[in-house]
Protein chains: 4
Amino acid sequence: MTEKILQVGIIGAGRIGKVHAENLAFRISEAIPAAIADVNEAAARDVASRCRISRVARDNSEILQDPSIDAVLICSPTETHADLTIQAARAGKHIFCEKPIDHSLAKIDLALEEVKKARVKFQIGFNRRFDANYSRVRAAISNGEIGVPNLLHIISRDPGPPPIAYIKTSGGIFLDMTIHDFDMARFLVGGEVDTIYATGAVRIDPAIEKAGDLDTALVVLHFKNGVIGTIDNSRQAAYGYDQRVEILGSKGAIATENRYSNTATISTASAIQRDLPLNFFMDRYTESFVTELQAFVHAVLQDKPLPVGGMDARIAVAMALAARQSFEERRPVRVEEVAHIEAQLA
Amino acid sequence: MTEKILQVGIIGAGRIGKVHAENLAFRISEAIPAAIADVNEAAARDVASRCRISRVARDNSEILQDPSIDAVLICSPTETHADLTIQAARAGKHIFCEKPIDHSLAKIDLALEEVKKARVKFQIGFNRRFDANYSRVRAAISNGEIGVPNLLHIISRDPGPPPIAYIKTSGGIFLDMTIHDFDMARFLVGGEVDTIYATGAVRIDPAIEKAGDLDTALVVLHFKNGVIGTIDNSRQAAYGYDQRVEILGSKGAIATENRYSNTATISTASAIQRDLPLNFFMDRYTESFVTELQAFVHAVLQDKPLPVGGMDARIAVAMALAARQSFEERRPVRVEEVAHIEAQLA
Amino acid sequence: MTEKILQVGIIGAGRIGKVHAENLAFRISEAIPAAIADVNEAAARDVASRCRISRVARDNSEILQDPSIDAVLICSPTETHADLTIQAARAGKHIFCEKPIDHSLAKIDLALEEVKKARVKFQIGFNRRFDANYSRVRAAISNGEIGVPNLLHIISRDPGPPPIAYIKTSGGIFLDMTIHDFDMARFLVGGEVDTIYATGAVRIDPAIEKAGDLDTALVVLHFKNGVIGTIDNSRQAAYGYDQRVEILGSKGAIATENRYSNTATISTASAIQRDLPLNFFMDRYTESFVTELQAFVHAVLQDKPLPVGGMDARIAVAMALAARQSFEERRPVRVEEVAHIEAQLA
Amino acid sequence: MTEKILQVGIIGAGRIGKVHAENLAFRISEAIPAAIADVNEAAARDVASRCRISRVARDNSEILQDPSIDAVLICSPTETHADLTIQAARAGKHIFCEKPIDHSLAKIDLALEEVKKARVKFQIGFNRRFDANYSRVRAAISNGEIGVPNLLHIISRDPGPPPIAYIKTSGGIFLDMTIHDFDMARFLVGGEVDTIYATGAVRIDPAIEKAGDLDTALVVLHFKNGVIGTIDNSRQAAYGYDQRVEILGSKGAIATENRYSNTATISTASAIQRDLPLNFFMDRYTESFVTELQAFVHAVLQDKPLPVGGMDARIAVAMALAARQSFEERRPVRVEEVAHIEAQLA
């Protein structure tokens, strides 16, 4: 009995493309990184050499047209995601696409339409769903361990702001950073959001204000099922990456703590202390990147439904757009004002 | 050198009156509970006997007219607070009044006007300011240990809802429960709130809805200094009284945990667990009730400024009224819409 | 129904005498500190004034011969405990005696003999049994929450060594410091110790070596029921008073943590930290001093058995003597070699 | 610049051989598992297929005689370690050997002599040294973060006893289980042990007693530098694998906690609880197995000293033999009584 090994093409050899390449090469036994392409060919070559990828493609189309390639990972810049999704779908490739598909709901709809027509599988890179903490919280809600959820809090803070150049093209904090938390909120609660009240400020770097963005945000989510939630975002937590969640339910509560490289506590004459939490999203979420790709590979190989798909990608963007509108108009905004969304959580 | 012992009269022998009587009798050496009055004379007699109080007064006026009484504690029902404050001020007694003075800002203003005229001292019973956790957080902010505060979260949940009869006269969750958190927010941040967005729901008991109240509330505070805060209230946390706070500042964060009767952790084949936190506000805040009264007694005996006064009492009520209006009108409401408040935090 | 109030005489107005006086005056409603005596009359006068004690006795006999005094607290230096116990017993007073009764088992036996003859109640000041943490551990063992106990660890470290003058008359670390832990071990496990292996060193201050004592000790306890335990003592933990215990049983484990003045955690760019634990035994064990005295007062007033009595006092001393012998002879020593002890734990 | 890839032969395809094969295949980019051998050829074939190992060798000598193989991992049963070490050394292969080399110091010495003669590198599989917790503790000691170490406690408990058949050939708890902790004690303290006092009992399964072994052990270590340490071993902790360490130093203390799959805390009406810690040594120490092999590969490729070598292997066995003798003779035993050991910690 020889097991089928999934042949995967990687489009984009940047930070996240490299992570996925390494995971395909060294952590996932059912798949092989068969080819990689990047406009920066040196970067592609570098990742290929490190991850034993036999082929560096001249361009994306070489990957998309290669019949031996079963699936592609779209790890290029956001503005290319929708077009590449369309091309890959038309080429019959299964697709794993980094978030977001696009900042425009119209373009997202076009891309998802093609995916549907082509009957290929499509997974969006909301990796945090695969994190052991968050999947434990989801399990607690599903199992009724804390009863019916009533109040949700998400804390999601970066260790430091990205470069201003990045911020300028990021689509703003709600589309770039909060988008993960919008997905997390839907995932954990298992329901859709009706209305969003968003507020925020520039508290860290005036250059972020000049770039037309916020660095501190507070979002209130009114779910259709009556749950009330908050998302707390900051571009800078001095102590590092802060990723926690807390839900109060009718029978109790569940809360997660950060992750640490070690569990040592040092007690001296000045304080009881421990080292800072894992500081970078790639360290904090290392395992979730492996797990999400494993889930994608399994689902494709066994022709099973994907855990997080196109509609999840679309709804998170719609929520971000509603949050932006709420912030600008200083009033609660219904997500449906922004886009007609069909509830779809399995 | 004989130290002056403060002679204190207690008006109201209910739950909180009894706590203060015991603290005066058994925990505070510089004061003596000299007399107590209650419309329920048996209750007054019971507290007097337990706390070695030599005199049970026929009525409040007997206490207010006794020249040997230096100060009074107003522990009667809320609707009597303003009138008793006025009478006590006119009688020249220093006043410790349970929160709130009244639900009407106009009546509060009348009472505070008399206090001012009479030049007596007036302290409001925001005991949580004196809790070791919250005063540690305040110290961290004052000392700049976490830099400039940016985001604040207050979790404040009761173990279970009060009787419906109580809820009907409570003034609603914002005036009855959140009022402590409004004061806490101002105290911890050291600044005044500009705008409030409040939302809420009935998630626990439909009878609370019938009584015209909420049992679950989420309030967003926009401070004048740019801090954004949230207050999370629930009338029922299955695991007990949940009282925590968390502040993110420019240089770090501070967060408090609940208090427990013991620190034992039990590990078995099913879980790693500990006993529930202190469940009742009188157990959780025992020491803060002693400390607030000690502060009052010291300030009166040494003619020093009080740590929490009339304006603090007034502002918290104004915030509660703004929250109620925000909830009803589903929009952010400026506190100044409700009442003109002069910033006054020392 | 008027409740009987126990009239208590206090012998010794030093550090611990003052604590008990304050607790009788301000924390325990069923007893009154009626008289106090100390060779240092100024100290007695000071405590009397602070605790509203109406009488400062000329000497101990004035207290012992006063028929209105029901019970005495012996809080004088250790070398006087046995004689005062004998005198108090002969005078028909119930006795609460600070630990230890004496360093000599023979003198202890004489004193306990008189107590027995006089049929007065006798409680020894092993306050830690009344601490919420340790009584929770004892309850877990009694209730079978962790099954049959197998391994025990006691950590018991002081924030700093006492004055050398004190060390010289202390009887050595095993009789002065470990004695509390010997009692704790018996109390928690609910069984008697067969053999002790003790080791130790001077790691903190050479002056302690000169004084013929140790400042660091490690004791292995072999219980008759097969449990193996360790006691870890240090005269100096830089971070403060460290008092923990851990038991492994057949169905799980229980472990306690230190106590802290607040639960705040501060996260900055350098560490996640909290303030030091309660640093002084009087802060750490405040409540246990109240509870042990309350237990004594209740038992006397209601003529009930005492929770910790003469035999407990004797056994702990015998264990300390066995430990000292083990250290000196570098071999395990049976407690029975030192003294014939009848097992007696209820 | 092409990097040299280390060609590694694996001897033994059992539990630990499989772990190392996977790590070589999927986690360590500078090495390749080139061949594997096992008397159970099916097991070897299975691992080879899973880990993309191109060759399944007929026997060990095929691996040892293959000039393309740079290094071997000895993962076969303990009784073969010494002979295979000798053969591999004579064949000029670098050696990574699972612990222990042998239960006989004489055989260990023979093997290490051959290693020395052949000038090949030799690393012993004390993986825990490479665990993030323990290396953090070692760093704290090295950096003087807690001053001079004074007291050490190691807790090392298995989730459940191994099969009786295994126990019968294991050499006993001290050689099989405590041996890891003996190495840990030396590693953390950075010094050698002078005298050992060991005690123990059968508390879990009478069959273990029949097999001539203990299931519960308590070892006291007297270090040459004056540190006193304890090791607490149990074959069964109901809540799972318990691996902690705690050191008190002159300036403070450091303590580690267990590792958990998630950080979620669930609070309900019955308790505040979290899931059990990582339960199996392969889950708990996953990363340390990768890191130790990475260290071996790096040291071989760059011809650098190994972090844990032959003398470390030998000393741990000598300590186990001294512990066994102490237990049998009920007295402290000097390690030098058992074997002349040259201190060797770098």
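Two strands count as paired if DSSP finds at least two bridges between them, and helices (H or I, at least four residues) and strands (E, at least two) are DSSP runs numbered from the N terminus. This is a predicted model, where local features need pLDDT of at least 70 and side-chain atom pairs count only at pLDDT 80 or more, while totals for chains, interfaces and linings use all residues. Residues are numbered from 1 along each chain as its sequence is written, chains are lettered from A in the order in which they are written, and side-chain values use heavy atoms, with hydrogens and water left out.

**View 1. The open sheet of chain A.** Six strands line up in the order 3-2-1-4-5-6 in chain A, with parallel pairing. Strand 3 (55-56) and strand 6 (122-124) of chain A are the edges, each pairing on one side only.

**View 2. Strands 1 and 2 of chain A.** Strand 1 (residues 6-11) and strand 2 (residues 31-37) of chain A run parallel, joined by six bridges. Look for Ile11(A), which sits opposite Ala37(A) of strand 2.

**View 3. Strand 4 of chain B and its neighbours.** Strand 4 (residues 71-74) of chain B is covered on both faces: Ala71(B) and Leu73(B) on one side, Val72(B) and Ile74(B) on the other, are all buried (under 20% relative accessible area, 1.4 Å probe, protein chains only; exposed is over 50%, partly exposed in between). Four bridges pair strand 4 of chain B in parallel with strand 1 (residues 6-11) of chain B, where Val8(B) has Ala71(B) as its bridge partner. Another four parallel bridges link strand 4 of chain B to strand 5 (residues 94-97) of chain B, with Leu73(B) opposite Phe96(B).
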